[in-house]
Amino acid sequence: MTDAADRTGPAPVMQHVNGALRRVPPSLLYVGGAAWGGWLFWLAATGGLGVEPIEALEHRYGKLALQLIVAGLAVTPLRQWAGLNLIPFRRAIGVLAFGYVLAHFLVWAVLDVQTLSAIWADIVKRPYVTIGMVGFATLIPLALTSNNRAIRRLGPVRWRHLHKLAYPAAVLGAVHYVWLAKGLQFEPLFYLGAILGLLALRLVPRKVRVAG
Ligand code: HEM
């Protein structure tokens with residue numbers, strides 16, 4: 001434990017919240033996240049997502065992926081600055097984020113673009129797709145090593161280094177969104193700002209955090 005919240009302990013309210021959260025099994029997150037993805041697919045298949053269901057599904061999965069990436073990046077600052085302990089849920093958040101990026105990619109590739117040559121053409125010709133693809137590729141080693149066996153095999157130091165790949169992946173995901181949006185729109189810039197802000201918080205020297 002490294003900061004004021006850790007040394008003096010979280011505020012009493014936060015201790016209650018953390019106590020309540022400890023009783024929530026992280027598996028609930030996997031079940032809820034997967035069920036939500038399946039529900040959206042069902043809606044798309046049955047006309048519940050409007051007249052362009054494939055596009056709508058692709059967008060919903062992409063947005064959820066980005067939101068989960070932001071949530072994953074917020075776990076450490078929330079603990080360090082507010083004493084809120086979401087660490088037990090971090091792996092589930094990360095794995096779900098990857099699942100949604102994968103689903104987003106598959107809807108695009110299999111249901112939308114459909115042919116290998118067109119998929120390849122889009123990846124090399126459209127910069128925002130290229131950036132999304134690099135972000136997706138960056139997340140693959142993280143997803144493959146998000147299990148206890150990988151942590152044991154790599155050792156905690158190498159594992160932690162490897163998982164810093166989440167930072168460029170998050171930035172690439174947000175830049176992908178900013179790029180594909182027509183003109184400068186608030187929402188994509190908001191996600192990019194949130195990600196850069198959460199990453200910047202990690203650079204705040206420990207002493208300032210202790211004083212804060
Ligand atoms: C870290 C990885 C990624 C993240 C976080 C992400 C996120 C997003 C988001 C938030 C949107 C906009 C959704 C909306 O407008 O509501 C989007 C759209 C899109 N993404 Fe991704 N994406 C990622 C990777 C990819 C990959 C790998 C591909 C394909 C190779 C891809 C292709 C697309 C396409 C085609 C659109 C829709 C563009 C349009 O409608 O004009 N994305 N993505």
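## Helix 4 and helix 11

Helix 4 and helix 11 pass each other in a left-handed crossing, a term used when the near helix is turned anticlockwise from the far one by less than a right angle, with right-handed used if clockwise. The structure is a predicted model, in which local features need pLDDT of at least 70, side-chain atom pairs count only at pLDDT 80 or more, and totals for chains, interfaces and linings use all residues. Residues are numbered from 1 along each chain as its sequence is written. Helices (H or I, at least four residues) and strands (E, at least two) are DSSP runs, numbered from the N terminus.

The axes of helix 4 and helix 11 come within 9 Å and cross at roughly 20°. Helix 4 is therefore roughly parallel to helix 11. Axes here are lines fitted to C-alpha atoms, for helices over the stretch in contact, and angles run from 0 to 180 degrees between N-to-C directions. Angles under 35 degrees count as roughly parallel, over 145 as roughly antiparallel, 65 to 115 as roughly perpendicular and the rest as oblique.

On the helix 4 side, Leu66, Val70, Leu73, Ala74 and Pro77 meet Tyr191, Ala194, Ile195, Leu198 and Leu201 of helix 11; contact requires C-beta atoms, placed from the backbone, within 7 Å. This contact of helix 4 with helix 11 consists of ten nonpolar, no polar and no charged residues. In this classification Ala, Val, Leu, Ile, Met, Phe, Trp, Tyr, Cys and Pro are nonpolar, Asp, Glu, Lys and Arg are charged, and the others, Gly among them, are polar.

## Helix 10 and helix 11

Helix 10 and helix 11 (residues 186-201) have axes that come within 8 Å and cross at roughly 160°. The two helices are therefore roughly antiparallel to each other. Helix 10 passes helix 11 in a left-handed crossing.

Residues of helix 10 in this contact include Tyr167, Ala170 and Val171, and those of helix 11 include Pro188, Leu189 and Tyr191. By class, the contact of helix 10 with helix 11 has 13 nonpolar, no polar and no charged residues.

## Helix 4 and helix 5

The axes of helix 4 and helix 5 also cross at roughly 160°, coming within 8 Å. Helix 4 and helix 5 are therefore roughly antiparallel, and their crossing is left-handed. Their contact comprises 19 nonpolar, four polar and four charged residues.

## The ligand shell

The ligand is surrounded by 23 residues, of which the closest are His59, Gly62, Gly132, Gly135 and Gly173; a residue is near a molecule if its C-beta atom, placed from the backbone, lies within 6 Å of it. At least two residues of the shell come from each of helix 4 (53-82), helix 5 (87-113), helix 7 (127-144) and helix 10 (166-180). Helix 4 supplies the largest share, seven residues. The shell has 14 nonpolar, seven polar and two charged residues.

## Annotated regions

An unreviewed UniProt entry places the feature "domain: Ferric oxidoreductase" at residues 64-173. UniProt positions are given in the numbering used here, feature names are shortened, and annotations may be inferred rather than shown by experiment. The span 64-173 is 87% helix and 0% strand, and its end C-alpha atoms lie 12 Å apart.

The unreviewed entry also lists "transmembrane region" features, among them residues 64-81 and 188-204. Residues 64-81 are 100% helix, with end C-alpha atoms 25 Å apart. For residues 188-204, the end C-alpha atoms lie 25 Å apart and the span is 82% helix.

Technical notes
Contact = placed C-beta atoms within 7 Å.
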